[in-house]
Amino acid sequence: MDDELLTIGAFAARSRLSAKALRLYDRLGLLAPAHVDEFNGYRYYRADQIERARLVALLRQLDMPLARVAEVVEAPDGATAADRLTAYWADVETRVAEQRALAEYLRERLSGRSSEMYGKFDVETVDVPEQVLITETRHVLAGELPAWIGASLGRLTEGARECGGVTAAPFVVYHSDVSMESDGPAESCVPVADEAAARAWVEKQGRTHDAKVRVEPAHRLAYTRITKAQVNHPQILAAFEAVEEWIPQQGLWQAGPCREVYFADWDAAGADDPVCDVAFPVR
């Protein structure tokens, strides 16, 4: 055997990876040995593989998933690898910021200061007339929700052109909890002018995106208006809870699932601009 090849034990010591990790990375295609003995299965590595092995080890210290590690180490050049690492770390910082906000929200709840949070929201009621809706319903987890809302409301708003036009603000109904563990379902809804045209449009769609028509009876909503920044999790949870707390205080009852009513141009809005009503049907 070539004297330049290192046993898995020697390579593990020099690369600062365990033999178990090296076997795993071999199976995943991250770090294949230079030679495997066909008789005993022993793995051997070249000395020039040490740098790649150390890079894998360092990336794993960032808690980088193995699939993302592969993207970095397989990059065609150093600049591309650095860009992929930058993108991953931006995702990490976003996640940490969201977790920090959630931790602060939970501290407020656990310390009994929830009423202070709820006091930041003004709750009112509004009467909504009967509406013809074109809708899409999907089981979706929290991480998938923003992209799906944007895509589904975009499709429905486009379809509304064939249904007499949009007559009121689009909204999303949460028929059950949407979180990292619970997938709803959620229902995107666009009010339109012409029920017959809406049914013809839905028929033309076939099973694509499971579009439907429904007529929602007139109802009253209890709602609070929130900014684009407050739509983010967990701020929006406090808004929902503020409305939930307000409803029985006014002698009202929840009469249906919660919803988010989007009345502003999301892309044009700034962080402090009102964009959404968090609402519950009440009676």
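**Notebook: a first walk through the chain**

I began at Asp 63, which sits in the loop between α3 (50–61) and α4. A reminder to myself before going further: this is a predicted model.

**Entry 1: Asp 63 and its backbone**

I looked up the backbone angle of Asp 63 and found phi near 60°, a positive value in a residue other than glycine. I noted that most residues other than glycine have a negative phi. Is Asp 63 buried or exposed? Its relative accessible area is 62%, and the cut-off for exposed is over 50%, so Asp 63 counts as exposed.

I followed the chain on into α4, which covers residues 66–73, and then α5, which covers residues 78–110. The axes of α4 and α5 are 8 Å apart, and the two helices pack at an angle of about 150°. Angles over 145 degrees count as roughly antiparallel, so that is how I wrote down the pair α4 and α5.

Which residues of α4 and α5 meet? From α4 I listed Arg 68, Glu 71 and Val 72. Their partners in α5 are Ala 81, Arg 84, Leu 85, Ala 87, Tyr 88 and Asp 91. I sorted the residues of this contact of α4 with α5 into five nonpolar and four charged, with no polar ones.

**Entry 2: α1 and α2**

Next I went back to α1 (residues 8–15) and α2 (residues 19–27). Their axes cross at roughly 100° and come within 9 Å. The range for roughly perpendicular is 65 to 115 degrees, so α1 and α2 belong there.

On the α1 side, I found Ile 8, Phe 11 and Ala 12 making the contact. On the α2 side, the residues are Ala 19, Leu 22 and Arg 23. The contact of α1 with α2 divides into five nonpolar residues, one charged and no polar.

**Entry 3: the whole chain**

I then stepped back to look at the chain as a whole. How many helices and strands are there? I counted nine helices and eleven strands. The radius of gyration is 27 Å, while the globule rule gives 19 Å for 283 residues, so the chain is more spread out than a compact globule. The C-alpha atoms fill a box of roughly 85 × 55 × 35 Å along the principal axes.

Of the 283 residues, 40% are buried. The chain exposes about 16100 Å², with carbon and sulfur atoms supplying 51% of that area. I also checked contacts between residues at least 6 apart in sequence: 67% of them join residues at least 24 apart.

**Entry 4: two buried residues in helices**

I picked Leu 145 in helix α7 (residues 145–159). Its relative accessibility is 13%, and buried means under 20%, so Leu 145 counts as buried. Setting aside residues up to four places away in sequence, I found Leu 145 touching Val 140, Tyr 174, Val 178 and Ala 186. Leu 145 and Ser 179 are 34 residues apart along the chain, and their C-alpha atoms are separated by 9.1 Å.

What does Trp 246 contact, leaving aside its neighbours within four places in sequence? I listed Val 123, Glu 124, Thr 125, Ala 222 and Leu 252. Trp 246 and Val 123 are 123 residues apart along the chain, yet their C-alpha atoms are separated by 7.2 Å.

I stopped at Pro 185, in the loop between β6 (171–174) and β7 (186–192). A cis peptide bond joins Gly 184 and Pro 185, with omega about 20°. I reminded myself that most peptide bonds are trans.

Past β7, I reached Ala 193, in the loop between β7 and α8. Ala 193 is partly exposed at a relative accessible area of 47%. Not counting residues up to four places away in sequence, Ala 193 touches Cys 163, Gly 164, Gly 165 and Thr 167. I also looked up Ala 32, which is 161 residues away from Ala 193 along the chain; the two C-alpha atoms are separated by 62 Å.

My last stop was Asp 210, in the loop between α8 (195–205) and β8 (211–216). Asp 210 is not a glycine, but I found a positive phi of about 55° here.

Technical notes: Residues numbered from 1 in each chain as written. Predicted model: local features only at pLDDT ≥ 70, side-chain atom pairs only at ≥ 80, totals over all residues. Heavy atoms only, no water. Axes fitted to C-alpha atoms, helices over the stretch in contact; angles between N-to-C directions. Helix = DSSP H or I, 4+ residues; strand = E, 2+ residues; numbered from the N terminus. Parallel < 35°, antiparallel > 145°, perpendicular 65-115°, else oblique. Contact = heavy atoms within 4.5 Å. Nonpolar A, V, L, I, M, F, W, Y, C, P; charged D, E, K, R; others polar. Rg over C-alpha atoms; globule rule 2.2 N^0.38 Å. Buried < 20%, exposed > 50% of the residue type's maximum accessible area, 1.4 Å probe, protein only. Areas by Shrake-Rupley, 256 points an atom, 1.4 Å probe, with all protein chains shown as cover.
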